[in-house]
Amino acid sequence: MNRIIVICGLISGVVVSTFMVSSMAVCYQKESFEGNMLLGYAAMLLSFSMVFVGIKNYRDKYNSGSVSFGKAFKIGLYITLVASTVYVIVWLVDYYLFIPDFMDKYTAHLLKQFQAEGPTAAELEAKVTELAGYKEMYQNPVMVILWTYAEILPVGLIVTLISALILKKPGKEVRAV
């Protein structure tokens, strides 16, 4: 079981991290973050297909074709945690080494979008204060880690729940005669 978790988790983490680094490079150079979120979540769903593969592999090859919901969920959860940790580590490396001014560019983009909506001066000031708070939070590495996990973990948990529900298959009860 551990081998399945590590292999599927690493594959999933590498796939989602590759998409993330590629899309961030494009968005960072263009300074346009449009469409990036949809692509990012699609990549997460694609990469978390390894949760389904891992649970099915365990059920069919190592557990005589049966797995309880709890065991399937546990396997999926661990695969999700491995993949998410790879994603967080890759983001930390990318952010701190290659795009340390990301939050400056991203908040400027968000402010520009907000200004296009024609806000009042008070609304604009409130938005500037809100974005400054986000930038300050992102200066703390622990907050960067927590926000990054918060971005990917919910998607993995949903895929894990759905996969465990689909793949659960109770074992055959043996009756004593």
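A nonpolar core here is a set of buried Ala, Val, Leu, Ile, Met, Phe, Trp, Tyr and Cys residues joined through side-chain atoms within 4.5 Å, where buried means under 20% relative accessible area, exposed over 50% and partly exposed in between, computed with a 1.4 Å probe on protein chains only. The model is a predicted one, in which local features need pLDDT of at least 70 and side-chain atom pairs count only at pLDDT 80 or more, while totals for chains, interfaces and linings use all residues. Residues are numbered from 1 along each chain as its sequence is written, and side-chain values use heavy atoms, with hydrogens and water left out.

Begin by selecting Met24, Met44, Phe48, Trp91, Tyr95 and Phe102, the members that touch the most others in the largest nonpolar core, which has 35 residues. At least two residues of this core come from each of α1 (2-30), α3 (49-62), α4, α5 and α7 (141-167), and α4 gives the largest share, 9 residues; helices (H or I, at least four residues) are DSSP runs, numbered from the N terminus.

Next, centre the view on Met44, which is in contact (heavy atoms within 4.5 Å) with Val16, Tyr87, Glu151, Ile152 and Val155, leaving aside residues up to four places away in sequence.

Then turn to the aromatic rings, where Phe, Tyr and Trp (its six-membered ring) pair if their centres lie within 6.5 Å, planes under 30 degrees apart counting as stacked, over 60 as edge-to-face and the rest as tilted. The count by this rule is 6 aromatic pairs, among them the stacked pair of Trp91 and Tyr95, at 5.6 Å centre to centre with 25 degrees between the planes.

To see the whole aromatic cluster, select Trp91, Tyr95, Tyr96, Phe102, Tyr106 and Tyr138 together.

As a last stop, select Phe114 and Lys127: the charged end of Lys127 sits over the ring of Phe114, 5.3 Å from its centre, the rule being that NZ of Lys or CZ of Arg is within 6 Å of the ring centre and within 35 degrees of the ring normal.
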